[in-house]
Amino acid sequence: MLPITLEFINRKSNMSVIVTGHEKGGTGKSVLATSFAARVIQSGATAVVVDTDATATSAGWNAIRDSRNILPVVPVVQQLVNPAPAIIELATKYDAVVVDVGARDYAKLRDLARICDLWIAPTTVGQGDLTSTVRLFEAISEFHALHKNGKIPFVVVFNRVSSTWNSSEELDAREFLEQMCQGIVILKSHIKERKAWRDAGRLGLGVSEMPSREAAKSIEEFESVYDEALLHHSKS
Ligand SMILES: Nc1ncnc2c1ncn2[C@@H]1O[C@H](COP(=O)(O)OP(=O)(O)O)[C@@H](O)[C@H]1O
Ligand SMILES: [Mg+2]
């Protein structure tokens, strides 16, 4: 395994913009953004979350974290309108800027696609979310030429996969997306529907900060997603 960590990436460059974005609500953008930032900080690098979504879940998470005096501080900045300039500015100060975005706004989507080093799109395997993922993929595909590498590092991760569901449901979802979206990258690792994710949100914690006796499986799944997603980072 290559030592692909953010520290490794940031030795090459001090800019890393990681977007968790999807046009559908409830796919796990905010839990992933906050857990990602907390995990980056756990690894010894610096991170900030930029909450561009009017639902303000990441900002709310930060308020809970503050009120419970949880350390380390995971800063969350709200930027609902035209977030790109603020993100570029923050990227000069932090190792990682994690952007939580509800991407229904195509102007915002285009700006973020241009500057992101990694775009993680969480989706459930439900048909509505999959159809929405196809639309997001098509939008992203239109913006590839705007990215500095000519290709936006865009990965899909299945979230809220049921432990009790027949495993063919995830396989079917994978096949559907691969058929509809040529060249789509879907992570092999996935995240299952587990209470620990809701608890992390309620407690203002990243999932990797949860007590391992309660969240061992979630932490393990998240670690796999974190490592695998970073392999697709544009600077890796
Ligand atoms: N893997 C999961 N297991 C259980 N609950 C989850 C999981 N992922 C997300 N959730 C819960 O689903 C809700 C929506 O997640 P959230 O990250 O806010 O979605 P989004 O930002 O995409 O709208 C939250 O209550 C969150 O705790
Ligand atoms: Mg959200």
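Which backbone N or O atom lies 3.1 Å from an oxygen atom of ligand 1? That atom belongs to Thr27. The model is predicted, so local features need pLDDT of at least 70 and side-chain atom pairs count only at pLDDT 80 or more, while totals for chains, interfaces and linings use all residues. Residues are numbered from 1 along each chain as its sequence is written, chains are lettered from A and ligands numbered from 1 in the order in which they are written, and side-chain values use heavy atoms, with hydrogens and water left out.

**The ligand and its surroundings**

The table lists polar contacts, that is, pairs of N or O atoms within 3.5 Å.

| Residue and part | Atom of ligand 1 | Distance |
|---|---|---|
| Thr27, backbone | oxygen | 3.1 Å |
| Lys29, side chain | oxygen | 2.8 Å |
| Arg198, side chain | nitrogen | 3.4 Å |

On its own, ligand 1 has 560 Å² of accessible area, of which the protein covers 83%; such areas come from the Shrake-Rupley method with a 1.4 Å probe. Ligand 1 is surrounded by 16 residues, and the closest are Gly26, Lys29, Val31, Asn159 and Arg160; a residue counts as near if one of its heavy atoms lies within 4 Å. By class, this shell has 7 polar, 6 charged and 3 nonpolar residues; Gly counts as polar, and Asp, Glu, Lys and Arg as charged.

Two or more residues of the shell come from each of α2 (29–42) and α8 (195–203). The most is given by α2, with 3 residues. Helices here are DSSP runs (H or I) of at least four residues, and strands (E) are runs of at least two.

**The sheet**

An open sheet is formed by 7 strands with parallel pairing, in the order β3-β2-β4-β1-β5-β6-β7. At the edges stand β3 (76–78) and β7 (185–186), each with a single partner strand, so one side of each is left without a neighbour in the sheet. Two strands pair if DSSP finds at least two bridges between them. Strand β2 (residues 47–51) runs parallel to β4 (residues 96–102), and 5 bridges join them. Asp51 stands opposite Asp100 in β4.

**The loop between α3 and β3**

Most residues other than glycine have a negative phi, and most peptide bonds are trans. Asn69, in the loop between α3 and β3, has a positive phi, near 55°. Pro72 is found in the loop between α3 (57–67) and β3, and a cis peptide bond, with omega about 0°, joins Leu71 and Pro72.

Notes: Polar contact = N/O pair within 3.5 Å; in protein donor to acceptor, adjacent residues only side chain to side chain.
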